[in-house]
Amino acid sequence: MRGLTVGVAGGGIGGLSAALSLLAAGFDVHVYERAQALGEVGAGVQISPNASRILHRLGLAGELARTGVKPLALHQRRWDDGRTLLRTPLGEPLEARFGFPHYQAHRADVLAALAAAIPAGRIHLGRRLTGFTDHGDGVRLDFAEGGPAEVDVLVGADGIHSDVRELLFGPERPRFTGCVAYRGLIPAERLRGLGIEVTAQVFMGPGRHFVNYYVSGGRLMNFVAIVEQDSWTRESWTDHGEVADALKAFDGWHPQVHGMLNAVDETFVWALFDRPPLPRWSRGRVTLLGDACHAMLPFMAQGAAQAIEDGATLAASLAANPGDPAEALVGYERLRLPRATRMQALSSENKTRFHLHDGPEQEARDEAMAMGATDWSYDVVAWIYDHDAAGPLPDGETTG
Ligand code: FAD
């Protein structure tokens, strides 16, 4: 052990992967999760090479290969006739170019793999952090239930509604992004007649888009159907969604889209919120990671990947300067904040780009995509996928 005890508030993908990175760096780590059991929403997550590079190092390659799916390509298509706008190989060519695979996975599988890799006694359930006191040479943690804890560093990995963020920087409401997402999982055998390839598909159309990919070793199809909406009036941020509403929203879209929506038993509808970038993530011996400090629209499929990167950089920064944790957190933030902020901005821009109505702007977008000049062509995404969050920045690479 390097002597420092790190408390992580939140046992989501961000918190658990940070805990593993910190444990691998030799720190004494404890995760405090408010729920009585670890859990994730019943949906998929894409894990790009910048994140799989870290998860492989942490020993998860076998589990990801066993439960995940390696897609052949990212296939971006037109909403009505399904015409290809851009087809970017994932699979072997991507692995050869970036050194690590792209996975499509069920969130519960990823969370379970992370949790299984953390030694017993380090994840504390039913422990909602309600307050902390940074007294300069350590941090006292207070919980809704159970006694306090003393740590050297506190990491708030407690998601978009982060209590740690509010305790650090005051209250601030997340912004409704003007988008809702219907999400669902469909047994793959129900879709056989539709000829859906093992790709990540994005159908783009006016005011909405539809994403689908296989998860769980190919047994389930995951979809996310995004629809622009002026406001969100329900009390809850997530709710049971009516399949009929989703079908209506995608009236006239490609038969595969309809086929999937017709085959699903139930959908959930999510209001998508984000937050403006923070000028700082840390104060003293307390910092933030993941959605707690850079919640973003999912239109780069990078929210969880950035949280995984945060954990790797945090561990490397503390390992480089364990004698001065507050200074190490400043270094962590300096490396991470510009990159995450850039990802937040690109995610928002994709809302406009994906949802263009047919017309001159859409034609210009399609032309640029056909030339491989935008979106996910390898050269364009190299700054995302080549990044090694645990290592020094390669020559010439900037985070901003
Ligand atoms: P969370 O997963 O929200 O975890 C926070 C945890 O903290 C929870 O377990 C919570 O119970 C706990 N907690 C909260 N408060 C406290 C407290 N006070 N004390 C203790 N515990 C507490 N990202 C990708 O990389 N790829 C994708 O393909 C992708 N697709 C997406 C699709 C959709 C539709 C959406 C909405 C998001 C998508 N994302 C994707 C983003 C990704 O889901 C999130 O960025 C990621 O899950 C955030 O992880 P986190 O650990 O920071 O937060």
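Ala301 lies in the loop between helix H9 (291–294) and helix H10 (303–320). The structure described here is a predicted model, and in it the phi of Ala301 is near 50 degrees, a positive value in a residue other than glycine. With a relative accessible area of 29%, Ala301 is partly exposed. Ser216 is not a glycine either, yet its phi is positive, at about 55 degrees. The relative accessibility of Ser216 is 5%, and because buried means under 20%, Ser216 counts as buried.

A positive phi also occurs in the hairpin of strands S8 and S9, where Gly136 takes a value near 90 degrees. Four residues lie between the two strands of this hairpin. Strand S8 (residues 129–134) and strand S9 (residues 139–143) run antiparallel and are joined by five bridges.

Helix H12 (residues 360–370) has buried residues at Gln362, Arg365, Asp366 and Met369. Seen down the axis of H12, these buried residues fall within an arc of 95 degrees, so they line one face of the helix. Pro360, Glu363 and Glu367 are exposed on the other side of H12. The buried residues of H12 pack against three strands and a helix: strand S4 (73–78), strand S5 (84–89), strand S13 (200–205) and helix H11 (325–354).

At the level of the whole protein chain, the model contains 13 helices and 18 strands. For 400 residues, a compact globule would have a radius of gyration near 21 Å, and the protein chain, with 21 Å, agrees with this expectation. The C-alpha atoms fill a box of roughly 60 × 50 × 40 Å along the principal axes. Of the 400 residues, 56% are buried. Among contacts with a separation of 6 or more, 75% are between residues 24 or more positions apart. The accessible surface of the protein chain comes to about 16000 Å², and carbon and sulfur atoms account for 51% of this area.

The confidence of the prediction was also examined. The protein chain averages a pLDDT of 93, and 95% of the residues score at least 70. Over residues 393–400, however, pLDDT stays under 50. For this segment the model has 12 contacts beyond four places in sequence.

Note on methods. Residues are numbered from 1 along each chain as its sequence is written. This is a predicted model: local features need pLDDT of at least 70, side-chain atom pairs count only at pLDDT 80 or more; totals for chains, interfaces and linings use all residues. Side-chain values use heavy atoms; hydrogens and water are left out. Two strands pair if DSSP finds at least two bridges between them. pLDDT is the predictor's confidence in each residue, from 0 to 100. Contact means heavy atoms within 4.5 Å. The radius of gyration is taken over C-alpha atoms; the globule rule is 2.2 Å times the number of residues to the power 0.38. Buried means under 20% relative accessible area, exposed over 50%, partly exposed in between (1.4 Å probe, protein chains only). Accessible areas come from the Shrake-Rupley method with a 1.4 Å probe; for residues, only the protein chains shown count as cover. The arc is that of the directions from the helix axis to the C-beta atoms.
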